[in-house]
Amino acid sequence: MYRSRDYKDVRRLLVWLLYASRGGETRLKILTLLKQSGQLNASQLAKALKVNYRTITYHLDILEAHNLIERVQTSHGIYYRLSNAGLTNWDLISKLLKYSKDNRLNKNQH
């Protein structure tokens, strides 16, 4: 698995992680929900995205390994939120989200 420190260019990492790789669309959706909600647990994310719990935890592990989210232990369990790196790079993440949506629209029109 690629780690953030393997990439000198954060833009390349984010494009690979959130757009070019398999599962990028799910990871974009997770980041968007965390941006909107502040913090959520894995069950809340799975329910919101209508995806299997194991699938969500897999993607959360990838996002956490690349420092885009952070795990927060509370008295109610483990929650996830955007990390400082995720917040700092939100402009680029939102551009990838828009690009991803535009591509899906174009594919559906053909």
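Strands S2 and S3 run antiparallel and are joined by 6 bridges. Strands here are DSSP E runs of at least two residues, helices are H or I runs of at least four, and both are numbered from the N terminus. Two strands count as paired if DSSP finds at least two bridges between them. This is a predicted model, where local features need pLDDT of at least 70 and side-chain atom pairs count only at pLDDT 80 or more, while totals for chains, interfaces and linings use all residues. Residues are numbered from 1 along each chain as its sequence is written, and side-chain values use heavy atoms, with hydrogens and water left out.

Back to the hairpin. S2 and S3 form it with 2 residues between them. Within the pairing, Gln 73 has Ile 78 in S3 as its bridge partner. S3 (residues 77-82) also pairs with S1, again antiparallel, over 2 bridges. There, Leu 40 stands opposite Tyr 80 in S3.

Next, a helix pair. H3 (residues 42-49) and H4 (residues 53-65) pack at about 115 degrees, with axes 9 Å apart. Axes are lines fitted to C-alpha atoms, for helices over the stretch in contact, and angles run from 0 to 180 degrees between N-to-C directions. From H3, Ala 42, Ser 43, Leu 45, Ala 46 and Leu 49 meet Tyr 53, Ile 56, Thr 57 and Leu 60 of H4; contact means heavy atoms within 4.5 Å. That set divides into 7 nonpolar, 2 polar and no charged residues.

Last, the core. What is the size of the largest nonpolar core, and which residues have the most contacts inside it? The core has 26 residues, and Leu 18 and Leu 31 have the most contacts. A nonpolar core is a set of buried Ala, Val, Leu, Ile, Met, Phe, Trp, Tyr and Cys residues joined through side-chain atoms within 4.5 Å, buried being under 20% relative accessible area with a 1.4 Å probe, protein chains only. The elements giving two or more residues are H1 (10-20), H2 (24-37), H3, H4, S3 and H6 (90-109). Leaving aside neighbours within four places in sequence, Leu 31 contacts Leu 18, Leu 63, Leu 68, Ile 69, Leu 82, Trp 90 and Ile 93.

Conventions:
Ala, Val, Leu, Ile, Met, Phe, Trp, Tyr, Cys and Pro count as nonpolar, Asp, Glu, Lys and Arg as charged, and the others, Gly among them, as polar. Buried means under 20% relative accessible area, exposed over 50%, partly exposed in between (1.4 Å probe, protein chains only).
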